[in-house]
Amino acid sequence: MGPSQSRKERRAKKKRNKKIEKEFAQDNEELDKEIKILVLGTGDSGKSTFVKQMQILYKEGFNESEKQLYRNAIRENIKNHVKELLRIANRLGLTLQKSNIYISEEFMRLLKEKTTKEITEKIKNCVIKLWNDSALKTSFKKRAQFQLPDTANYFLNKTESIFRSDYEPNEVDILGCRIPTTGIKQITFKLNDNIWKIVDVGGQRSERRKWIHQFDDVHLFIYVCAISEYDQQLFEDDSVNRMLESLKLFKKTANNEHFKDKDCAILFNKMDLFSEKILEVDLRVCFMEYDGGKDLENATQFIKNKFLKSSKSKKREIYCHYTCATDTENVKFVFESIQSSVSQKLMEKSAKF
């Protein structure tokens with residue numbers, strides 16, 4: 001009886017061990033298949049827009065609760081745009097049309113009221129009238145000198161539909177919506193037998209201390225630079241040029257001991273805006289040593305070289321791409337290129353063992 005029971009226990013123990021070993025092997029296999037990519041950049045660079053595109057391309061887009069969140073955020077964006085435009089107009093000494101002076105005062109008063117259907121309707125009417133004022137149109141043209149998103153006019157032109165009770169934001173609306181990233185956000189999806197984990201951390205100065213906790217097990221980091229913002233100042237500190245801040249942050253990140261040999265993809269984002277702006281605003285407003293004139297190719301190459309020279313690692317591969325993060329097809333093409341580079345590196349690494 002005793003020995004028989006002992007054999008049963010041994011068989012049960014052996015069975016349990018095999019199960020644990022199998023689960024352990026499966027866990028290791030899953031870990032081998034998981035690819036972690038960190039998306040970094042300064043605030044307003046477009047990195048969160050890039051991550052939204054991952055959700056559109058490789059997940060199922062946005063669910064109803066997410067759309068509700070963006071609907072409310074877009075309406076808040078519009079209110080903030082008008083507030084900023086009124087402030088800019090005042091700073092520039094621009095005068096509103098006589099009838100709109102009262103409207104602007106009414107608008108500011110309504111913002112303090114509790115949100116109701118009636119208040120929302122009144123705010124909408126104020127926004128439409130104020131946005132049609134020439135003082136605000138002129139203020140928008142001067143946005144590079146102030147803190148106003150490039151998408152402001154897109155949403156202001158859609159105010160009527162956005163404030164309707166049945167409004168549901170489309171993908172273009174969601175991509176253009178501004179919600180500063182606080183904390184850490186990630187999306188995970190399966191692509192070509194690998195699990196891709198895309199991690200987005202806040203780009204504002206106050207958020208960057210959280211980056212260090214995400215450095216482990218990173219296969220590649222994507223650094224997003226808003227190339228069009230060479231003549232703009234930081235939201236957090238209007239004495240600091242955005243491009244110089246981005247370059248400084250890239251240098252610090254690329255040469256961090258945790259990242260020193262990690263491959264990197266630099267996305268020079270907002271190329272659509274840059275290609276227009278460079279014809280009007282010389283790059284010398286940011287880099288005094290630049291002598292390439294108002295030429296798109298010269299300016300682009302100059303900025304690219306600045307970033308490449310900032311990396312001290314001799315082992316790192318740096319892949320440069322020129323993007324418009326709101327363009328889904330462009331982002332799809334760029335990410336497929338990044339995905340191919342990462343997969344190739346993993347294959348080369350596994351072949352050595």
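Biologist: What makes strand E1 (residues 34-41) and E3 count as a pair?

Modeller: Six bridges join E1 and E3, in the parallel sense. Two strands pair if DSSP finds at least two bridges between them, so E1 and E3 qualify. A word on the model: it is predicted, local features need pLDDT of at least 70, side-chain atom pairs count only at pLDDT 80 or more, and totals for chains, interfaces and linings use all residues. Residues are numbered from 1 along each chain as its sequence is written, and side-chain values use heavy atoms, without hydrogens and water.

Biologist: How many helices and strands does the protein chain have?

Modeller: The protein chain has 13 helices and six strands. These are DSSP runs numbered from the N terminus: helices are H or I with at least four residues, strands are E with at least two.

Biologist: Which way does strand E2 (residues 184-191) run against E3, and over how many bridges?

Modeller: E2 and E3 run antiparallel, joined by eight bridges. Isoleucine 184 stands opposite valine 201 in E3. Leucine 191 stands opposite asparagine 194 in E3.

Biologist: Why is strand E3 (residues 194-201) called largely enclosed?

Modeller: Seven of its eight residues are buried, so the rest of the structure largely encloses E3. Buried means under 20% relative accessible area, exposed over 50%, and partly exposed in between (1.4 Å probe, protein chains only). Across the 353 residues of the protein chain, 46% are buried.

Biologist: Why does asparagine 192 count as exposed?

Modeller: Its relative accessibility is 52%, so asparagine 192 counts as exposed. Asparagine 192 sits in the loop between E2 and E3. That hairpin has two residues between the strands. The phi of asparagine 192 is near 55°, a positive value in a residue other than glycine.

Biologist: What makes aspartate 193 exposed?

Modeller: Aspartate 193 has 55% relative accessibility, so it counts as exposed. Aspartate 193 also lies in the loop between E2 and E3. Its phi is near 70°, again positive in a residue other than glycine.

Biologist: On to the helices. At what angle do H3 (residues 64-91) and H4 (residues 98-110) pack?

Modeller: H3 and H4 pack at about 135°, with their axes 11 Å apart. That angle makes H3 oblique to H4. Under 35 degrees is roughly parallel, over 145 roughly antiparallel, 65 to 115 roughly perpendicular, and the rest oblique. Axes are lines fitted to C-alpha atoms, for helices over the stretch in contact, and angles run from 0 to 180 degrees between N-to-C directions.

Biologist: Which residues of H3 and H4 meet?

Modeller: Lys79, Val82, Lys83 and Leu86 in H3 meet Ser104, Phe107 and Met108 in H4. By class, this contact has four nonpolar, one polar and two charged residues. Contact means heavy atoms within 4.5 Å. Ala, Val, Leu, Ile, Met, Phe, Trp, Tyr, Cys and Pro count as nonpolar; Asp, Glu, Lys and Arg as charged; the others, Gly among them, as polar.

Biologist: How do H3 and helix H6 (residues 134-141) cross?

Modeller: The axes of H3 and H6 cross at roughly 90° and come within 9 Å. That makes H3 roughly perpendicular to H6.

Biologist: Which residues make the contact of H3 with H6?

Modeller: Val82, Leu85, Leu86, Ile88 and Ala89 in H3 meet Ala135, Leu136, Ser139 and Phe140 in H6. The contact of H3 with H6 has eight nonpolar residues, one polar and no charged.
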